[in-house]
Amino acid sequence: MSIRSQLLKGILDGCVLAVISKEPVYGYELSKKLQLVGLPDVSEGTVYPVLLRLQKKDLVYGDMRPSESGPNRKYYSLTPKGIQALEIITNEWQQLSVPVNSLLKKGDSK
Amino acid sequence: MKLNELIQQNNEKRKLLTKENEKYYTSMVVYLRTDLTLSEQHAEEVLMEMLDHMIAAQNEGKTAIDVFGDDPKSYAEELIEQLPQEEKRDMVKFIGQLTFTLMGWFLVSRGLLLLLFTSFTTVSTTVYMIPTLIILTLIGLIVVIGVKLIFDLIRRSLFNENESDKKDMIKAGLFGVVSFALIISANMFIPDFGSSFDFPASASLGAGGLMLLVSWLMKRNNK
């Protein structure tokens, strides 16, 4: 696995939690929304191992509901623990992103 | 959704996939299903989500490789790593049901064979406890090792295209021959000793039938 995708893996959890926090989604919708915001290197199927991991950590839960297009789908929502985790990740990211951005940009201009 | 419904729906929906996508997807299904330590319910649920996703993506002109990447084995292993294990209680139930089924068929076949042979020759219906137990344990062991061996062969051959099929077939066949020889020679060479009782054809059929009924009831309750 490349360094890049390892970095992505860690951040992906936060992104998935953020998408689910807006409204409950099923796997296919989730991958579409991630691609829509412009996470390019995420192949669609990546969401399923991530969703399993987040369920294992009790951050999200799935329940079967009829979807707009008809058949039953498993819709994912955040658990209270998931809401907390998203807050922590958001805070950490905000603390990190500004210094990392300026640092990496400086490196670029040299 | 119940396990049986999930599996049935999976079989139906899989027909909607193109040949290549079906092949890719099915190899992942087999890889997850032959991992007997996984929670079946959870595995089937995520497989169904992936299938629904695959069908939707296919309608947009995408292939399985576009959706799940070009390394299905690592993808499947990532899923397995995150899936919960089957609960011990369910494992015990499964093994119990399997034992009842095997023993049931064994006793019914024995009863039928005895009936067949006694019509033209005399056959002893005496059963010696200890030798019988040894042989049954041997058969049980061979079944367990056989299932593991064959599942391992299947899992290894799933994702590589090169034709190790012939070698695998020889391995599986060899296992069959050796285990058959073992059971036959155990039957022939273990002497009759210890306590014994008469176990006629009718009793064998009755006991076997009862065991099959129990295994059928267990199966029905699991649904």
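Helix α3(B) has 20 residues. From its first C-alpha to its last, α3(B) reaches 29 Å, close to the 28 Å expected at 1.5 Å a residue. Keep in mind that this is a predicted model.

Which residues of α3(B) are buried? They are B:Ala43, B:Glu44, B:Val46, B:Leu47, B:Met48, B:Glu49, B:Met50, B:Asp52, B:His53, B:Met54 and B:Ala57. Just after α3(B) comes B:Gly61, which takes a positive phi of about 85 degrees.

Now look at the neighbours of α3(B). Take helix α1 of chain B, residues 3–14. Its axis and the axis of α3(B), residues 40–59, come within 10 Å. The two axes cross at roughly 25 degrees. An angle under 35 degrees counts as roughly parallel, so α1(B) is roughly parallel to α3(B). The crossing of the two helices is left-handed.

Which residues make this contact? On the α1(B) side they are B:Leu3, B:Leu6, B:Ile7, B:Gln9, B:Asn10, B:Lys13 and B:Arg14. On the α3(B) side they are B:Glu40, B:Gln41, B:Glu44, B:Glu45, B:Leu47, B:Met48, B:Leu51 and B:Ile55. Sort the residues of this contact by type, and there are seven nonpolar, three polar and five charged.

Helix α2 of chain B, residues 19–33, also packs against α3(B). Here the axes are 11 Å apart, and the angle is about 170 degrees. An angle over 145 degrees counts as roughly antiparallel, so α2(B) is roughly antiparallel to α3(B). From α2(B), the residues B:Asn21, B:Tyr25, B:Val29 and B:Leu32 take part. They meet B:Ala43, B:Leu47, B:Leu51, B:Met54 and B:Gln58 in α3(B). This contact divides into seven nonpolar residues, two polar and no charged.

B:Ile65 is found in helix α4 of chain B. In sequence, B:Ile65 and B:Tyr25 are 40 residues apart. In space, their C-alpha atoms are 9.8 Å apart. Is B:Ile65 buried, exposed or partly exposed? B:Ile65 counts as partly exposed, because it has 15 C-beta neighbours inside 10 Å, and a buried residue would need 20 or more.

Next, see where the chains meet. The contact takes 18 residues from chain B and 13 residues from chain A. On the chain B side, the elements that give two or more residues are α3, α4 (64–68) and α5 (72–82). Which element gives the most? The answer is α3(B), with eight residues. The chain B side as a whole divides into 11 nonpolar, three polar and four charged residues.

Cross over to chain A. Its helix α3(A) has 10 residues, and eight of them are buried, so this helix is largely enclosed by the rest of the structure. The buried ones are A:Val47, A:Tyr48, A:Pro49, A:Val50, A:Leu51, A:Leu52, A:Leu54 and A:Gln55.

After α3(A) comes A:Asp58. A:Asp58 sits in the loop between α3 (47–56) and β2 (60–66) of chain A. Its phi is near 65 degrees, a positive value in a residue other than glycine. Why point this out? Most residues other than glycine have a negative phi. A:Asp58 is also exposed, because 12 other C-beta atoms lie within 10 Å, and 12 or fewer counts as exposed.

Further along is A:Asn72, in strand β3 (residues 72–78) of chain A. Leave aside residues up to four places away in sequence, and A:Asn72 touches A:Met64, A:Arg65 and A:Pro66. With 15 other C-beta atoms within 10 Å, A:Asn72 is partly exposed. A:Thr90 is 18 residues away from A:Asn72 along the chain, and their C-alpha atoms are separated by 32 Å.

The last stop is A:Gln94, in helix α4 (residues 80–109) of chain A. A:Gln94 counts as exposed, because it has 9 C-beta neighbours inside 10 Å. A:Leu17 lies 77 residues away from A:Gln94 along the chain, and their C-alpha atoms are separated by 16 Å.

Definitions and conventions. Residues numbered from 1 in each chain as written. Chains lettered and ligands numbered in written order. Predicted model: local features only at pLDDT ≥ 70, side-chain atom pairs only at ≥ 80, totals over all residues. Helix = DSSP H or I, 4+ residues; strand = E, 2+ residues; numbered from the N terminus. Axes fitted to C-alpha atoms, helices over the stretch in contact; angles between N-to-C directions. Parallel < 35°, antiparallel > 145°, perpendicular 65-115°, else oblique. Left-handed = near helix turned anticlockwise from the far one by under 90°. Contact = placed C-beta atoms within 7 Å. Nonpolar A, V, L, I, M, F, W, Y, C, P; charged D, E, K, R; others polar. Expected span 1.5 Å × (residues − 1).
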